[in-house]
Amino acid sequence: MVGVDRHGNRADLEAAGADVVINNLAELDLGLVMRDPWLLIYEGMDPEHEGHREALTTLGNGYMGIRGAVTENRRPGRYAGTYLAGVYNRVWATIGEGTVAEEHMVNLPDCLPLDLRLQGTPWWSGGGLEILHERRVLNMEKAVLTRHLLLEAPDGRHLHLEETRFVSMDTRHILAIRTRLTPRDWSGLLDITAGVNCLGPQQQPARAPAEFPGPSDRQDHTAIPRRRPGPGRGGGDHPKPGARGHSGGS
C-alpha cells in the first residue's frame, strides 16, 4: 500500500498500514496515464529514474531477457542488461567473519549500442546530436517496446529516430531491433555504426579472495552420478550418459 503525504501526516499514514509513503505520485514514475491500460508510456528523460524505467520496460520470453536500456551509451544512468536463464557466475562474498560462494546471473555483452553522425558533424556519442524530444512506449499486450527520438545536429538539421524492439516467444533465441531514420529538413549522407560491446563494466569477472582457489580450480564442484560397471565394462566407474554439473566459474 502506498500513502501520499500531502499535509505532513507521514506517521498517521504509516500507522494506517502504508508500506511506502511518498510526497507526490510523480515519485512512483509510473509513466503517463492513458486510456489504454496495455501501454506504459514515458515522455522525456529523467536520469534519476533511468534505471527504474529500464527495469519496467524489460522484454523477455522465459529464456532470454533484456532491460529497456537505450541504444546510446552517453545516457546518464544507463545500465544495459541481457540475461539467459540458467547462466550464473560464482562470486565470493564476505558475510560477517566468513566467506561464502554466491551464484549471480551473468550480464551478457551489450548488443544495443548504436551511433550516428550526419555528414560534416561529429558522432552522436561525441556530442554531434542532441535529443530534443523522447517518447518510450511499452505495449504490454504485444510485448513490443517502441522509442521515438527527435535529434538535432549542431548546424540545425533534424533527424527522427524510431526504434522497435521485441523478444520472440516463438523462437526463444531471437531478439529483434528495427531502427528507422527519417531526415526532417535536409537531404544527405548519414553514417551508422552498431555492434556488441563486450567491454562494459558489467562484463568484468569477479575476483576470488586470495585464500580461496582461483577460477580454474573451482569451475565445477557438482557431484556427478556414478554407476557400477556392468558386463563388458572396465573396472573404473563411468558417469551416466548426459550427466553433468553446472558451470560455476567466473
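**The cavity and its surroundings**

A: Let's begin inside: the largest cavity is lined by Gly68, Ala69, Val70, Arg136, Leu145, Arg147, Glu163 and Arg165. Two elements each give two or more residues to this lining, strand 11 (144–152) and strand 12 (158–167). Helices (H or I, at least four residues) and strands (E, at least two) are DSSP runs, numbered from the N terminus. Please keep in mind that this is a predicted model, where local features need pLDDT of at least 70 and side-chain atom pairs count only at pLDDT 80 or more, while totals for chains, interfaces and linings use all residues. Residues are numbered from 1 along each chain as its sequence is written, and side-chain values use heavy atoms, with hydrogens and water left out.

Q: How many cavities of 30 Å³ or more does the structure hold, and what volume does the largest cavity have?
A: Rolling a probe the size of a water molecule over the atoms shows where empty space is left. On a 1 Å grid over the protein atoms alone, a cavity is a set of points where a 1.4 Å probe fits but cannot get out, and lining residues have an atom within 4 Å of a point. Grid points are joined across faces, edges and corners, and the volume is the space filled by probe spheres set on the points. Here there is one cavity of 30 Å³ or more, and the volume of the largest cavity is about 40 Å³.

Q: Which kinds of residue make up the lining of the largest cavity?
A: Ala, Val, Leu, Ile, Met, Phe, Trp, Tyr, Cys and Pro count as nonpolar, Asp, Glu, Lys and Arg as charged, and the others, Gly among them, as polar. In this lining, three residues are nonpolar, one is polar and four are charged.

Q: Is arginine 53 buried or exposed?
A: Buried means under 20% relative accessible area, exposed over 50%, and partly exposed in between (1.4 Å probe, protein chains only). Arginine 53 sits in helix 2 (residues 50–56), and its relative accessible area of 6% makes it buried. Of the chain's 250 residues, 31% count as buried.

Q: What is there to notice about alanine 143?
A: Alanine 143 is not a glycine, yet it has a positive phi of about 55°. Its place is the loop between strand 10 (130–139) and strand 11, and alanine 143 is partly exposed, at 36% relative accessible area.

Q: How many disulfides does the structure hold?
A: A disulfide is a covalent bond between the sulfur atoms of two cysteines. Counting pairs of cysteine sulfur atoms within 2.5 Å, the structure holds zero disulfides.

Terms used. On a 1 Å grid over the protein atoms alone, a cavity is a set of points where a 1.4 Å probe fits but cannot get out, and a pocket is an open set with protein on both sides within 12 Å along at least five of seven lines; lining residues have an atom within 4 Å of a point.
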